[in-house]
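Subject: Structure handover

Hi,

Here is the structure for you to look over. My notes follow below it.

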Amino acid sequence: MGAVLQVVLVAVGSPLLVGMMRQVRARLEGRAGAGIGQPWRDLRKLVRKEPIAPDGTGWVFRAAPLLLAGTVLVVAAVVPLVSTTSPLDEVADLFAVVALLALGSVALALGALDTSTAFGGMGASREMIVLALVEPTILLSVFALSVRVGTTNLGTIVTSAVADPLAVISPASLLAAAALAIVTIAETGRIPVDNPSTHLELTMIHEAMVLEYAGPDLALIEWASAMRLSVLLGLLTSLFAPWGIATGNAGLLALLLAAVVVIAKVALLGALLAAGEVFMAKLRLFRIPELLAGSFLMALLAVAASFFLA
Amino acid sequence: MTETMFTLPPSLYVPLLDLACGAFLLTGMMVLWRRDLAAIVRLFALQGIALAALIVVLGVYEQDVELVAVGLGVGALRAGLLPYLMRRALIAGGAGREVRPVVNVATSLLVAAVLAMLAYAVAQPLIRLSPTPATQAVPIALTVLLVGFFVLVTRRRALSQVVGFLLMDNAITMTAFLTTSGVPLVVELGISMDVLLAVLVFQVLTTRMRAAFGGTDLDELRELHD
Amino acid sequence: MNLVGTLFCTALAICALSALAGLATPTRLRLPLAGLGTAGAGALGTAAGLAALLGESWSAWLPELLPLAGVRLAIDPLAGLFLAVTGVVALCAAIYGIGYSRDGLDGRVVQAAAPLFVAAMLLVPAAASVSTFLVAWELMAITSLLLVVADHRHRSAVGEAGLWYGVMTHLGFVAILAGLLAFAAGAGGESFDQLRQAELSPALRGTVFLATVVGFASKAGIVPLHVWLPRAHPEAPSQISALMSAAMVNMGVYGIVRVGLDLLHGGPVWWWMVVLIAGAISALYGILQAAVSADLKRLLGHSTTENMGLVLIGVGAAGLFAAWGNAVLAALALTAALLHVVNHAGFKTLLFLAAGSVQRATGTRDLDQLGGLRTRMPYTTGLFAVGALCASALPPGNAFVSEWLLLQSLIHALPTSGVVGAVTMPLAVGVIALSAGLAVATFVKAFGIGFLAKPRGPEAARAAESPPAMLGGMALAACCCLVLALAPTAILPVLSHAVAVALPGPGAVTGEVSLHLAGISSVISPLLIAVALGVAVAGTLALTRVVATRRVRRAARLWDCGGGPMSARMEYTATSFAEPLQRVFDNVLAPESDVDVTPVKESAYLVESVRFRAKVPDRIERRLYEPVLSVLTFVGRGARHLATGSVHRYLAYGFWALTGALIMLAVFQ
């Protein structure tokens, strides 16, 4: 029930989230903006176009968007956004969620390599490096979050955070939040790690990988990327600001209320992110390891704090 | 007098203390991350504020007016006067960046992580002596001490070196307040004078160095050797 | 003799017969006979191992077989696990080997040595006394050395690899010999039962442990004793590489677990700290070298170092937890480590066999020359993809399960393990995470560059699919990987019997579909993840079918920036793929590169040709081994003056030695 609601919410809402974030940026930069519904209109246009098979590509290239979307959908179903209980509780493990998202990135990178263009290789190579360097931070943040609870099950972590709201502002929790925020930015390809609106070969990561995709394939990728963004932002809010989430066997009304709350929280976080991006420049590729080393440091301190300050 | 003073409940005292310590630690770590010298001075000022806040929180909790006053004084010196002096030196020496530290930034951050773990491990016997929320924050002070030393060792510009030295001094001050609730006022005053003197010396030094070498890279001082 | 004994002895007998068949039969018959024999021995070994895992133990003493001590054999569940793993690897490799006869593999010596190698690897875990163990170990070393140098006539690198391997493996043997002999001397007996009951002083125990760990670590390819591994494993013929990399390295792990946890009953914290730190360094260093390697088999060899490092992190953690008195977590960590041994054996067999297929079809292992095999070798590509997925520890692969278990044991150690644990565990988790991330990048590179896109060299463009026997061997390995990935619960209960040999106690992992851990409330179900993923992908496919109305794909040119059609030279290569990584880690890797610019004669400003060379040397080898080697060379050169060729001089040496000994005797009596 909650899981279905979450999937529908993420599937329908995430292009709107992207539209909203673009709109916030546009307004802050003094432009009128295209409106919140523009990503949906783009998707509709792309879906109606003819599918393209670029010269020399094969099944890996075709399967990549499907696998990317599939992984995000599974994650959307298991991550506690609206409700902490999931019918797929055995999948709702933080490590599994992280690994599933990585699997999506891997699929896209392989699709990019399959095109045999230099752009594809470049994007795949960069994506994999960011992925490899992000991994320690993620797992250590997971570590910090699970020490208190004694499990890596997402539902249990969020439930305990709801039960003990003061624990959320403990140093361990704050440091882990900061580390995971940086990770989220890196994983979703936002400024300062990647620029979602660039097509300059010096700076592209994600866009270089999807350069050969067109029509429905591209629509699928755009949609999956938007879902990834909203799922990760939703996870961040659920872990560190879980107020309003439905716990236990909540009724329909409670679920709907929780849905409204989570939409508001994710929208707020998205707007903050977009506003922050206006004031930031993209980092050079070889400065990104410094940023990620910083986030690793914070995650490690979070673990240390969760043990030594306890 | 103490009866009239505002009392701080432990449920609020511990998070506030932790918050101040967290800010103190983060600003210290960020010094390793930033290259821009002006930003480093800003971070040092922020750390001064965190230190002052920490002392004030301790003072309010222990209902010690003198401690609160010392905290405000420390804040004025470390968040106000010293950064002001450094900024003047920076302008005189030409604003600049820590272009090529001896150890690169990413590695520095990882080293800082290891130093933090080391500090935590070393401080455990100290904490076991009297496990209060205040002494539990001693590892943070130790970490900043080590980070300050690391900055001193690996950064080239004169200003970063001074900031490294001042980080160490901040950390020592913090340890003193956390473990014994402060040193006598006279000693604190003496230390503050020393620190002030050091910064003044630095200000003179950078001006002279700039005149002599056209930069403030301390490795240039090797030329004086022959 | 019970079932285990019968199966085991039959397996050994078949190995001996296959070796005879390899020696005696004509070339045409040699391959199928020896291959089928080895496969049968592998299958029987697996069966014996599984039967032992299920609880049936066997032991035997054959006093006549070896002089002085006799041969003592015993198969308990721990030995059974390693028997089963070796058996399966041998089965897959032998089936594959029937179809793979190049690289000097159809020679008599090679065909006779391969079954003996398998027999030696079956004997090592079954040995139950010091002398039997050492003999089996040495047999394993010698047969594998013969196999490594099988192709020495055609490639010069093989000889060098054989030399490195021979020296390192014998140094390791010396360390094990010294350790076990000291142990046996202290215990007053050489059978493992006597060793178990021995009461030794802590100093002797520490010495025994350190010496044996050094020897076993050199077999497992642990840094800094790994230098032979990325040389010998790639240079050996591919099914031999699979046997070495998936089965032989496990014997190092077996030795550490057997001696450290079983015979010595665990030890102080510093022992296991040494093991854990060595494991962590190996994991990181191995995968970094793999990530920047452009040679497919060398990459796989480095990845073996990484995986053995991960296993040793688990073994070290198990020892630490046991030393801290946390039996439940210790069992969990050891379960994770042993499961990773099994998983690694599965995917590494598959990957090495697939790499052998590629080498057979294209004649090269250089990823920079490969590519485009997807259309020319579809089955090999698919099978390699399975192996790569498993090796990169992503769901639904098998390594994901064992790494998940390992991480669970580490992160839940914190509240009970004191300051040392609180500092060690987060760093260990960081190391595992970084090596997992780099493994993903490595295998995306190996698969994406090696198999996808367009051929980068003429050899890759002419590739053809391998014969059925080779595909069969690979498919069998892939099936094992899939079973391990989707139903680890099928093997975990029996694995706990093996764990109980080293760390007595109840099993750490239970559950039929999902994995439930003892004392930790984390749950995971690999099968459910796979099913959910399948449903989601199918749903997405259905959705796109419904929404997107135009179905027919139009072929189109690639985006070439308007510069004309793309050629294979414009593709990203393995080297370019890894270049950013190399830059990020240049402090560790210390890559070397040089650029030669040749100007044209008329003007220094016009360039005629540019040569660029880049190399990532093994830094540990350069810093640690080259100084030692140069000292040795220096000493050797000095020693040359002693041997001038004059017979009188040699006789004089003998004379002086004799009188010297007599003088000593007279003085000290």
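Strand 1 of chain A (residues 52–54) runs parallel to strand 6 of chain C, and three bridges join them. Within this pairing, Ala53(A) has Ala555(C) in strand 6 of chain C as its bridge partner. Helices (H or I, at least four residues) and strands (E, at least two) are DSSP runs, numbered from the N terminus. Strands pair if DSSP finds at least two bridges between them.

This is a predicted model: local features need pLDDT of at least 70, side-chain atom pairs count only at pLDDT 80 or more, and totals for chains, interfaces and linings use all residues. Residues are numbered from 1 along each chain as its sequence is written, while chains are lettered from A and ligands numbered from 1 in the order in which they are written.

Now the contacts (C-beta atoms, placed from the backbone, within 7 Å). Chain C puts 65 residues into its contact with chain A, and chain A puts in 70. Helix 17 of chain C gives the most to the chain C side, with 15 residues. That side divides into 44 nonpolar, 13 polar and eight charged residues. Here Ala, Val, Leu, Ile, Met, Phe, Trp, Tyr, Cys and Pro count as nonpolar, Asp, Glu, Lys and Arg as charged, and the others, Gly among them, as polar.

Chain B meets chain C through five residues, against four of chain C. The chain B side has three nonpolar, two polar and no charged residues.

Chain C also holds an open antiparallel sheet of three strands, in the order 3-4-5. Strand 3 (509–510) and strand 5 are the edges. Val509(C) stands opposite Leu517(C) in strand 4.

Best wishes

How values were computed:
Contact = placed C-beta atoms within 7 Å.
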